[in-house]
Amino acid sequence: MGRILTLLILILLAVASGAGYLFLAKIITAGEIRIAEGERRLEEGQSAMEEGKVDLRAGRRELSEGKAEYEQAEDNLFLKWSDKLLNAGKGLKEGREQIAEGEKQVAEGQEKVDAGEERLHAGELKLSQGRERLRLAKKVSVACAIGGGIFTSLAIVFGFRWRRSLARSITHSRP
């Protein structure tokens with residue numbers, strides 16, 4: 001009876017190992033697809049981040065140039081006097097408002113770039129973790145395949161070796 005039980009356990013272990021291998025193969029395939037998609041999205045995010053940084057640098061440069069022009073206009077007494085006389089001081093006031101708006105836009109752009117960098121970093125970390133899990137799943141899959149082969153081989157070897165005593169056990173156990 002012990003031999004029959006041992007043989008049944010070996011067969012169950014072989015089937016379980018094979019099923020584990022097939023299950024993990026499906027998960028690994030899906031994981032590889034997700035990793036590829038994540039890498040594609042990360043590359044898109046990095047290029048968008050670079051574009052955002054270029055736009056932010058251009059905005060800063062434009063703001064700096066605008067501030068320099070405004071300071072020159074502020075320092076020019078003739079322009080100040082003519083603005084007050086002809087526009088009631090609206091020209092310089094609009095310049096200050098535009099500079100304030102530009103500073104606000106640059107600050108918002110910097111916040112967006114910082115948030116984008118954080119999201120990129122989080123994406124890189126998640127992708128790295130996914131790769132590690134995929135690598136581990138591949139190792140477990142190989143272990144399941146090897147285990148299935150070993151358990152199947154043992155079941156076959158013991159089945160042939162014990163075939164006479166197993167046949168006697170089965171025929172004597174019938175009423």
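1. Contact here means heavy atoms within 4.5 Å. On that basis, among contacts in the chain between residues at least 6 apart in sequence, 86% join residues at least 24 apart. The model under review is a predicted one, and the points below should be read accordingly.

2. Overall composition. The secondary structure of the chain amounts to 4 helices and 0 strands, and the order along the sequence is α-α-α-α. The radius of gyration is 37 Å, well over the 16 Å that the globule rule gives for 175 residues, so the chain is more spread out than a compact globule. The C-alpha trace spans about 120 × 25 × 15 Å along its principal axes. Of the 175 residues, 21% count as buried.

3. Packing of helix 1 against helix 3. Helix 1 covers residues 2-75 and helix 3 covers residues 90-161; their axes come within 5 Å and cross at roughly 165°. Because angles over 145 degrees count as roughly antiparallel, helix 1 and helix 3 are therefore roughly antiparallel to each other. Their crossing is left-handed. The residues of this contact comprise 30 nonpolar, 21 polar and 12 charged.

4. Ser-17. This residue belongs to helix 1. Is Ser-17 buried or exposed? Its relative accessibility is 11%, and buried means under 20%, so Ser-17 counts as buried. Residues up to four places away in sequence aside, Ser-17 touches Cys-144, Gly-147, Gly-148 and Phe-151.

5. Ser-141. When neighbours within four places in sequence are set aside, Ser-141 is in contact with Tyr-21, Leu-24 and Ile-28. The separation along the chain between Ser-141 and Gly-91 is 50 residues, and their C-alpha atoms are separated by 73 Å.

6. Arg-131. This residue is also placed in helix 3. With a relative accessible area of 40%, Arg-131 is partly exposed. Which residues does Arg-131 contact, leaving aside its neighbours within four places in sequence? They are Ile-35 and Glu-39. Arg-131 and Arg-34 stand 97 residues apart in sequence, yet their C-alpha atoms are 10.0 Å apart in space.

7. Glu-74. Helix 1 includes Glu-74, and helix 1 runs over residues 2-75. Glu-74 has a relative accessible area of 26% and is therefore partly exposed. Not counting residues up to four places away in sequence, Glu-74 touches Lys-80, Leu-92 and Arg-96. For Glu-74 and Leu-92, the sequence separation is 18 residues and the C-alpha to C-alpha distance is 7.7 Å.

8. Summary of the points raised. Helix 1 and helix 3 cross at roughly 165°, in a left-handed manner.

Definitions and conventions:
Residues are numbered from 1 along each chain as its sequence is written. This is a predicted model: local features need pLDDT of at least 70, side-chain atom pairs count only at pLDDT 80 or more; totals for chains, interfaces and linings use all residues. Side-chain values use heavy atoms; hydrogens and water are left out. Axes are lines fitted to C-alpha atoms, for helices over the stretch in contact, and angles run from 0 to 180 degrees between N-to-C directions. Helices (H or I, at least four residues) and strands (E, at least two) are DSSP runs, numbered from the N terminus. Angles under 35 degrees count as roughly parallel, over 145 as roughly antiparallel, 65 to 115 as roughly perpendicular and the rest as oblique. A crossing is left-handed if the near helix is turned anticlockwise from the far one by less than a right angle, and right-handed if clockwise. Ala, Val, Leu, Ile, Met, Phe, Trp, Tyr, Cys and Pro count as nonpolar, Asp, Glu, Lys and Arg as charged, and the others, Gly among them, as polar. Buried means under 20% relative accessible area, exposed over 50%, partly exposed in between (1.4 Å probe, protein chains only). The radius of gyration is taken over C-alpha atoms; the globule rule is 2.2 Å times the number of residues to the power 0.38.
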